[in-house]
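Here is a walk through one structure, from its overall build to the contacts between chains. Keep the model open as you read.

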There are 4 protein chains.
Amino acid sequence: MSPNRYTYLGPEGTFTEAALRTLPEAATRELVPSVSVPAALDAVRTGEASAALVPIENSVEGGIRQTMDELAQGEPLMIYREVLLPIAFALLVRPGTTLADVKTVTGHPAAQPQVRHWLAQHLPNADWESAASNADGARLVQEGRYDGAFAGEFAGPLYHLEPLAAEIHDAANATTRFVLVGRPGRPSAPTGADKTSAVFWLEDDHPGALLELLQEFAVRGVNLMRIESRPTGEGLGKYCFAVDAEGHITDRRVSEALMGLHRICPQVRFLGSYPRADAVPATVRPGTSDAEFTGAADWLSRCLDGRGEQ
Amino acid sequence: MSPNRYTYLGPEGTFTEAALRTLPEAATRELVPSVSVPAALDAVRTGEASAALVPIENSVEGGIRQTMDELAQGEPLMIYREVLLPIAFALLVRPGTTLADVKTVTGHPAAQPQVRHWLAQHLPNADWESAASNADGARLVQEGRYDGAFAGEFAGPLYHLEPLAAEIHDAANATTRFVLVGRPGRPSAPTGADKTSAVFWLEDDHPGALLELLQEFAVRGVNLMRIESRPTGEGLGKYCFAVDAEGHITDRRVSEALMGLHRICPQVRFLGSYPRADAVPATVRPGTSDAEFTGAADWLSRCLDGRGEQ
Amino acid sequence: MSPNRYTYLGPEGTFTEAALRTLPEAATRELVPSVSVPAALDAVRTGEASAALVPIENSVEGGIRQTMDELAQGEPLMIYREVLLPIAFALLVRPGTTLADVKTVTGHPAAQPQVRHWLAQHLPNADWESAASNADGARLVQEGRYDGAFAGEFAGPLYHLEPLAAEIHDAANATTRFVLVGRPGRPSAPTGADKTSAVFWLEDDHPGALLELLQEFAVRGVNLMRIESRPTGEGLGKYCFAVDAEGHITDRRVSEALMGLHRICPQVRFLGSYPRADAVPATVRPGTSDAEFTGAADWLSRCLDGRGEQ
Amino acid sequence: MSPNRYTYLGPEGTFTEAALRTLPEAATRELVPSVSVPAALDAVRTGEASAALVPIENSVEGGIRQTMDELAQGEPLMIYREVLLPIAFALLVRPGTTLADVKTVTGHPAAQPQVRHWLAQHLPNADWESAASNADGARLVQEGRYDGAFAGEFAGPLYHLEPLAAEIHDAANATTRFVLVGRPGRPSAPTGADKTSAVFWLEDDHPGALLELLQEFAVRGVNLMRIESRPTGEGLGKYCFAVDAEGHITDRRVSEALMGLHRICPQVRFLGSYPRADAVPATVRPGTSDAEFTGAADWLSRCLDGRGEQ
C-alpha cells in the first residue's frame, strides 16, 4: 500500500490534475496519473494508491457514467472529498501557428459540446477528431498530428504549446465536480456543511418505489441535491438511483433516512459523507435537528417508564 | 392509594360494569361505581382507585367526548386494557307491565338513537325522557317515575325489573369500546396484537400538518385504526387528533413514528400501548419488522466504520 | 312549500335565533323555531320551511354531531350560508334574585363546560340540571323551577328575567358556527372567500385511505379548514370524514379535487359551497389558479394537435 | 419535404437500420442513413426526411444522451413509434482470418462494455480502438485498418466480412430501445398499450420539486416506466427530468397529470404518446379509468345543479 500516493484521471495536464492540486494535502503526496477512471479506481482498490481523484459530474454533460458505475458496482470505495472546478478551454497550438493555419482540432469528447459554438464561429471548416483526454490531445498537437487542441490553459507549458484563444466555454458557469475516492473507512468528519452520497436499488416492478425513496428523505427533512438514474444492466427500465443528500451520515435525520432506505431497498451502497466544496451549511427544517432527535428519544424513554409528560 | 379498588362509570347495572366484569382481574378487585367519567378518572388521579373502566368509543355515536377530552387534558393517565362489548338493549319494566301499559320510557341519551326504530314500530306513542345513565333509568322505573327503561338485560334483577323485549338495537354489530385507565406507568407488555393510543396537537395555520402527521406513520408502515379530531378549545378550526395505531410502542416502527411526531408536533401525549381486544395480530409491511430495523442499525454502524458492505 | 319561512333550533331566545337574525334576509322572513335539529332539517325536507339555521361546530365542544349526522345521511340537503357567533352567557334570574339566593341553575348541556369555572368560583354549591335548550332553561326559571339559567343575555326580556352576571365563558373566543341549510340547488355564488363542505366515505380496510383523501386536496393546493371523523354506524373503526375546504366548487382546483375523491371514494356527498363568514380570501398556491388550469387545458389541446410548444 | 424518406443513425449495417427495418412502413420508404443523431433529427426538422429512427435507451448504458438532449432542446420533435432490439454482436473479420490473427478490434464505444468479457476471455491481448459506429468499424476492417469489428451479424455481407463469433453480449437480455421521431403532429392513435414521453423542468432551489412531480402522476394512478435526469446546462445540480409514463395522452388520468405538471413546472415538453413495443396493456388502478373520470365529471355537473345525489 502506498499511503503517500494519489492517482488521478491523467495524463498530466488534465482538468482532473488541476482539480487535485487545489487540495492542500496534494502538496505532500506523490501524484500519479492513471489512463482511465477504472484504472485510477483499481489503483486504489489494489493499494497502489491511497486515493484517486476522478470527475463525477459535469454541469453540461451530466453524471460521468464510468465513475458512477464504478462506484456503484464492484469492490466498494468511498468518497472523502469533492472539488469543483470551473471549466474553460484554451485552444493550444504549436508556437507560431495562427488561426488561419488550424485545419484540424482535437480534445476529449466531453470537450466538444463546450467548444462547439466557438468552433462554428471561429473555425467553421476545422475538422474535429476526439482524443482520449484533453491532455492527450495536447500531446498529439505537440507531435504534429493535429493543429490545435482544446484543453485547460495550464496544459500548454507541459506540451510546449501556446494558447491561441482562452476562456472558451459554451455554457456560462460550466463546472466539473470531482471526488476524491479511497478504500472504505470512517467517513470524513462532519463540518456542518456536508453532503452524503449513496446508491439505491429499488424493487422490480413496483411503480411507487421511487416515490417511497424520496419520501424516506422528505419525512425526515433531508434535501436531495442530486438524483440520477443508472441502468442496473438487467434490462430496460431496471434502474438504480445515485443520490447526493444534504447533511452528514452522523446527522440523525440523515442516518434515520438511510436506515429507512436500507429497510425498503433490496440493496443500498453508502458512498460517503464529506464536506461540500461550496461550504454552504445544511438547511435544517424545524423538527429535524440532532437536538430534536435526542429530545424525542428521551421522551420515548420516559414514555416507556410512564413519565412521558415530564 | 387503593390498589385493590377499580372504579367504573356507574351506577351498578350499566354496560360499563358488564364490560368491567369481562376482565379476569375484576374478579379479585373491589368494584366501585363513579357518577361520571370525570369522577371515575379523578378517583384514579387521586389514588382512591387504581384503575377506572370508561367508555371511549361507540360504533353508533363515535368517540365518547368526555373520555377523550379527559384523557387529552389535565393530569396524565394511561390506558392499559380495552374491552369491546356488543350493545343490545332490553326494555325493562316492573313485573306485570304489558306493552300496552308503557306510556313513558327512559334511558341514557346515547341509547336513544339505538332504540329509535324499535320505539317507532312498537311504541309509537310513548314519550322518551333522558336519564343520567341506563341504570339510572332502570332505577326510575323501579321507583315508578317511568313505565319502561332501555338498559342492558343484566340490569333487570338489580332493580327488580323484567325484560319486556330484549336484543334491541338499531345498528347490527353495535359495539362500545371501553378502556381501563390507570396512573402513568410502564405500558402493558407487548403481545403481538397491540394498539397504541396518543393525542397530537398540530401547528396552527399549517394546512399540510395533518398530512405530515399521517405520513410519519405511513412511511414507517404503521396502520392507523382510528383518527378523531377534537377541538383544543382555542377557537374554531383548532384541533388536536386522537389516534389509535396498530402495534406497540416497543415495536421499532411505532416508536420511530412517535418520535417523528414528537419532533414536528408542538405537543404529543402518549396514552398507552395495550392488547387489542380482538387479538388480531399486527400486519407488518415488508421493511418494517423489528429485525429489519435492527439490521438497518447494524448496517449504519458498519457504514460509520467503513464496513457498510459486509 | 313556504319560501318565506325560515326555521331554526328553538325555542325563541336561543343563540341560534340570535345567529339567524344576523343574516340580512332574515328581516324579511317568517322565523319559526323547531324543537330539535332533526325537526328543523325535516321541516326543510318536507317544504314547511325553505331554510333552517342550525349549529354545526363549537370551538369548545367540537362538531355538533346531530347536525353532522343529519347532513351526512338521509335525504340530501345543502349549506348556503354560515354564521359565526361569539358565545358568552348571562346568568338570568327573576327580578330581585341575588347571587346568594341561587341554589339551582340550568342550561343546555353544551353550556355547562363553558360556565363550569365561573360556577366553581361564584356559586360553588349550586346544583346544575340540564335543560333541553338554553332558552328552555330560561323558561324554567321564569316558571320558578330553577333559580338561575345560563343563556344569551338577549333571552332575558323574552322570559322577563334579568342578568345577574354577563359575558361568562370559559374559553376566550368561544365561538359557535351555524349553517343555513336548504334543499339541494345551485350553490351560492362564488365571492373569492368561500368554503366547500363535503362528506367522504373511505374504502373499508384500506389503511392508507385517509392519506389518499388528503393527497387529493394537497396535490391541487386546496387547504383543508376542518376535518372531522364520524362513525358510519357499521361497526367500530368505520368512519366517514366531514371536510371543510378553502375555495368554491367552481374553482378549478376544488372541482378537480372533488372529482378525484368521487373516483376513489365509494361514496361522496357534496354539502355546498358558500361565503366564509370571516370573509378571508382563499390563498391560491402558485400553479393552482383558474387561469393556470385554463392555461394547462389549452396547452393540452395544442399537444393533441402537435402544437404543444406554441 | 420528403414524406417518403426515413433517415436513421447510419451508416448502413448498424443496429439502428436493423431496428428500422422491423417497422412495416419501412418497406415502402426510402431509408437514408445520417452520420449522427443530431444530423438525423435535423433532417427531420428541415423536412429532408419525414421521420428518423434513433436509439434512445440501452439496457446496459442507460439513456442515449445525445438523443435525449436533442429531443429536450431545440426545435420540437415528437415520438410516434418505438422499437426494441435485442443487442448481440458478431466479431466480423475478413474471410480467412482466424482468432489467432486478430490483434486489433474496433466497434462503437457503446459496444465495448458489452463485449469486454468476451474479449478478456478469447482475445485478452487484442487492442481496442473505437469507431464512429459499429458499421463504420466493419468498413475499417474491410479496408484492412483493423483485424476485427464488433457489429451486428447482419452487417457482415454489406462489408464482405464473415462472423468469427456471434451472439456476443455481456448482459443477458441486453436491449436497445429506438424511437421513430417526426415533426410535431397529432399523437399516434391510442391502442390500450401506450406510453407517453415528456420532459419536465423543475423550479430551482425547491428541494421537494421532484417529489411533487412524482405525486402528480401517483395521485392519478399513472405508473412511471422510466425517469432520467439530465443537466439543463445552467450549472451543477440543475436538472430536467425525462419521463416515460404508462398510458396515452388521451387517457384522462394521463392528461390530468400532464396538465397538473404544466401548472407547477416552469417548462414542460410533450414528446408524444405511442404504442408500447412490448404491447403490454396499461394497468388501470381502480378510480382512474376514463369511465370513472367521466362519471366524476357528470357528478360534478349535477352538484352544480343541486342534483349531486342522483
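Helices (H or I, at least four residues) and strands (E, at least two) are DSSP runs, numbered from the N terminus. By that count, chain A has 8 helices and 15 strands. The model is predicted: local features need pLDDT of at least 70, side-chain atom pairs count only at pLDDT 80 or more, and totals for chains, interfaces and linings use all residues. Residues are numbered from 1 along each chain as its sequence is written, while chains are lettered from A and ligands numbered from 1 in the order in which they are written.

Start with the overall build. The C-alpha trace of chain A spans about 85 × 45 × 35 Å along its principal axes. Chain A has 310 residues, and 52% of them count as buried (20 or more other C-beta atoms within 10 Å of the residue's own, with C-beta atoms placed from the backbone). Two residues are in contact if their C-beta atoms, placed from the backbone, lie within 7 Å. Among contacts in chain A with a separation of 6 or more, 73% join residues 24 or more positions apart.

Now the annotated region. An unreviewed UniProt entry places "domain: Prephenate dehydratase" at residues 5-183 of chain A. Such annotations may be inferred rather than shown by experiment. This stretch, residues 5-183, is 25% helix and 34% strand. Its end C-alpha atoms are 13 Å apart.

Turn to the partner chain. Here 33 residues of chain A are in contact with 33 residues of chain B. On the chain A side, helices H6 (209-219), H7 (252-264) and H8 (290-304) each supply at least two residues. H8(A) gives the largest share, 8 residues.

Terms used. Buried ≥ 20, exposed ≤ 12 C-beta atoms within 10 Å, placed from the backbone.
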